[in-house]
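Subject: Handover of a structure and notes on its features

Dear colleague,

Please find below the structure that I am passing on to you. My notes on what was found in it come after.

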Amino acid sequence: MAGTLSLSSAVQVFPCPSCGETINTSVQQCPFCSAPIDRATAAQSAAETSRISQACSDASYLKIMLGILIPFGLSILTPFLGLIGIVGFVFIKYAVPVMTIRWWVKYGRLKTTDSDFRKARGTVILVSAISFLVLLFARVTFFGLRL
């Protein structure tokens, strides 16, 4: 069927090496500055752009996960929600450091001048520090077990 969209034909984008505008890998020349585009370089650049975007997204998820600790911690003190709060707090308390280590292994050596990636790295550094402190000092006792 010609002309239909397929999930397998995902659009890949990258910054033009000449002007920096975001363009599609399928073009042969930049529509903004008319610079010629090499297909192999475009594909490689698009893969790097995709990896940077994923690193930023994962850093955002880490920040959200760490933020969920507060409502779970408060719900421990609430009647009828205490058990849910304990389970959620303990899960997030250990999941955030594991996911942070995963982020550093996957994206820690990435070299780029992308400002969003710099912000994401800063976010992960902050989340790493806070989650380490939570891991060390936040204790929950559940049926005599210190978690």
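Predicted model: local features only at pLDDT ≥ 70, side-chain atom pairs only at ≥ 80, totals over all residues.

Residues are numbered from 1 along each chain as its sequence is written, and side-chain values use heavy atoms, with hydrogens and water left out.

Overall fold

The protein chain has three helices and four strands; helices (H or I, at least four residues) and strands (E, at least two) are DSSP runs, numbered from the N terminus. Read from the N terminus, the order of elements is β-β-α-α-α-β-β. Of the 147 residues in the protein chain, 30% are buried. Here, buried means under 20% relative accessible area, exposed means over 50%, and partly exposed is in between, with a 1.4 Å probe and protein chains only.

Backbone

Two residues in loops deserve mention. S34 is not a glycine, yet its phi is positive, at about 65 degrees. S34 sits in the loop between β2 (22-24) and α1 (39-76), and counts as partly exposed because its relative accessibility is 46%. F80, also a residue other than glycine, has a positive phi near 75 degrees. F80 belongs to the loop between α1 and α2 (82-107), and its relative accessibility of 85% makes it exposed.

Salt bridge

A salt bridge is taken as a side-chain nitrogen of Lys or Arg within 4 Å of a carboxyl oxygen of Asp or Glu. By this rule there is one salt bridge. It is formed by the side chains of D58 and R102, at 3.5 Å from N to O. The pair links distant parts of the chain, with D58 in helix α1 and R102 in helix α2, 44 residues apart. D58 counts as buried because its relative accessibility is 9%, whereas R102, with a relative accessible area of 36%, is partly exposed.

Cysteines

The structure holds zero disulfides, a disulfide being a pair of cysteine sulfur atoms within 2.5 Å. C19 is partly exposed at 35% relative accessibility, while C30 is buried at 1%.

Aromatic pairs

Rings of Phe, Tyr and Trp (its six-membered ring) pair if their centres lie within 6.5 Å; planes under 30 degrees apart count as stacked, over 60 as edge-to-face and the rest as tilted. The count under this rule is three aromatic pairs. In one of them, the rings of W103 and W104 have centres 5.0 Å apart and planes at 85 degrees, so the pair is edge-to-face. W103 has a relative accessible area of 0% and is therefore buried; W104, at 30%, is partly exposed. The rings of W103 and F117 have centres 6.0 Å apart and planes at 20 degrees, so this pair is stacked. Since W103 lies in helix α2 and F117 in helix α3 (residues 115-137), the pair ties together parts that are 14 residues apart in sequence. W103 and F117 are both buried. Ring pairs join W103, W104, Y107 and F117 into a cluster.

Largest pocket

On a 1 Å grid over the protein atoms alone, a pocket is an open set of points where a 1.4 Å probe fits, with protein on both sides within 12 Å along at least five of seven lines, and lining residues have an atom within 4 Å of a point. The largest pocket holds about 180 Å³ of space, where a volume is the space filled by probe spheres set on the points, joined across faces, edges and corners. Its lining consists of P15, S45, E48, T49, I52, S53, C56, T112, D114 and D116. Helix α1 gives the most to this lining, with six residues. By class, the lining has three nonpolar, four polar and three charged residues; Ala, Val, Leu, Ile, Met, Phe, Trp, Tyr, Cys and Pro count as nonpolar, Asp, Glu, Lys and Arg as charged, and the others, Gly among them, as polar. One of the lining residues, I52, is in helix α1 and is buried, with a relative accessible area of 9%. I52 and D114 are 62 residues apart in sequence and 8.1 Å apart in space, C-alpha to C-alpha.

Yours sincerely
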